[in-house]
Amino acid sequence: MEQGNETPTSKPSLWQQIKRALLQLLQQRFSLREDFDMEGSAKAISKDIYFSGHRVWILICSIFIASIGLNTNSTAVIIGAMLISPLMGPIVGAGMAIGTNDFAMLKKAVRNFIVMVGVSLVTATLYFLITPIDTEQTELVARTQPTILDVGIAFFGGLAGIIGATRTEKGNVIPGVAIATALMPPLCTAGYGLAHMKWNFFFGASYLFVLNCVFIALATYLIVRYLRFPYAEVPDEAQAKRLQRYMLVAVLLIVLPSGWLFWGVVQKTIYETNVNKFIDALQKNEGIEVISNKIEYDKKNKLHRLHVYLLGKQVDSIKYEILKRELDDYGLQNTELVLHQEGGLTFSELSQIESRLTGEVTNQLKEQLMQEMLTKTEEELRHKQAVIDSLQRLAQTQQQSSLERERFAQEAYAQYEGLSALSIAEVVEVLPEGKKDTLPTLFLRWTKNIPRSKQKEQEQRLLKWAKTRFQFDTVRVVHY
């Protein structure tokens, strides 16, 4: 009996079996087909595009809440505003319209998006015009310098949003995406910039908002195409390629500035890290305590100033030069070290003032210093004039007193016989215990031919007359 030729089937190797099992496991775990609701999600996204009626009022309320949160630096309030905001609808709708080649839907999404942005800007601007709080809070400033990291947040947030929106069970993905992508705060910050005419706030926040919108829409487009949503109009190959080119150019134009800003943030972070290392090394110097430091950035001349506030031992000029040379060792090129020490201006501050006076900053500082000098000169002149006036009054008083006493002496010579000399003075008497006493004193000299009794009688009358004339309480007599 003849047996037919049978081809034996080769069994897969162990490695092939493991690889096949792993691929099946990955497909099961990472599949987006599970719980996928194409029809329901398409209707829901299309419905969320429209902006009228209650959605307008919800947006206005959320804008007011977000503006108050930014104005008071309250993160919790800002998060609450993002949760109730309906801004995501037109953006996701635009991404889906591009992915399904539905130009009618795209026009509706863009039209509603423009209206929503307009209402948001007007509302935020009005709030910041009427609020009495105009402080630039950190929550406001944080929305003015977007970087490529914000691109990642917007893109992955958009991915999560559209994946969640295409599920039968939506879960809590959409609220989380609204918080992560943060569409409301940039719009409110742009309104703050308009209200206060601060264009760096307006353009920085507007750029962040555009970044978020573009990459949320891009993420939506990619998921829509991956899940093969049906085309409204089937594009030809040339049209599809043209659309892809337009999208690539738009994405690059949007991303490049954020990359440049991100590089600036990285450079600033590296610079501040090097500053902290330098401050730590300075702190280790015996007798020197660093209280604080401040970096004064100069974007125009690229010469930054590092202000260091010190307590303890004074840093002399030799040590200061050593510290300046050490700046290069810490990667702090183009940095001017300014030391503020206990006890007033230091050599570094004096040299800084001198350099400003010779031409760097100068006109305003010169005027201020000149004004201070004039004020000081006027005060000194007034003080000197007061001293001169006082001395003049004292000299005049002494002159009058001297004339009065001279007249008194002449009158006494005429009235009292035998009086040959008379002087009046206020004598300072120093007692043994150290006390001092000023006594009015008459210095008298009589001729020898006058009787002693008559001399005493005339002295008593002379003393009484002197007390009355000069208003002395007591007068001492000294013969000489």
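**The chain as a whole**

Of the chain's 480 residues, 35% count as buried, meaning under 20% relative accessible area with a 1.4 Å probe, protein chains only. This is a predicted model, in which local features need pLDDT of at least 70, side-chain atom pairs count only at pLDDT 80 or more, and totals for chains, interfaces and linings use all residues. Residues are numbered from 1 along each chain as its sequence is written, and side-chain values use heavy atoms, without hydrogens and water.

The chain has 16 helices and 6 strands, taken as DSSP runs (H or I, at least four residues; E, at least two) numbered from the N terminus. Among contacts (heavy atoms within 4.5 Å) with a separation of 6 or more, 69% join residues 24 or more positions apart.

**Helix 6**

Helix 6 covers residues 103-130, 28 residues in total. From first C-alpha to last it reaches 41 Å, close to the 40 Å expected at 1.5 Å a residue; the expected span is 1.5 Å times one less than the number of residues.

Buried residues of helix 6 include Met105, Ala109, Asn112, Met116 and Phe128. The buried residues of this helix pack against helix 2 (38-48), helix 3 (54-72), helix 5 (88-99), helix 7 (138-141), helix 10 (184-196) and helix 11 (199-226).

**Gln458**

Gln458 lies in helix 16, residues 452-470. Its relative accessible area is 4%, so Gln458 is buried. Leaving out residues up to four places away in sequence, Gln458 touches Gln415, Tyr416, Glu417, Trp446 and Ile450.

Definitions and conventions:
Buried means under 20% relative accessible area, exposed over 50%, partly exposed in between (1.4 Å probe, protein chains only).
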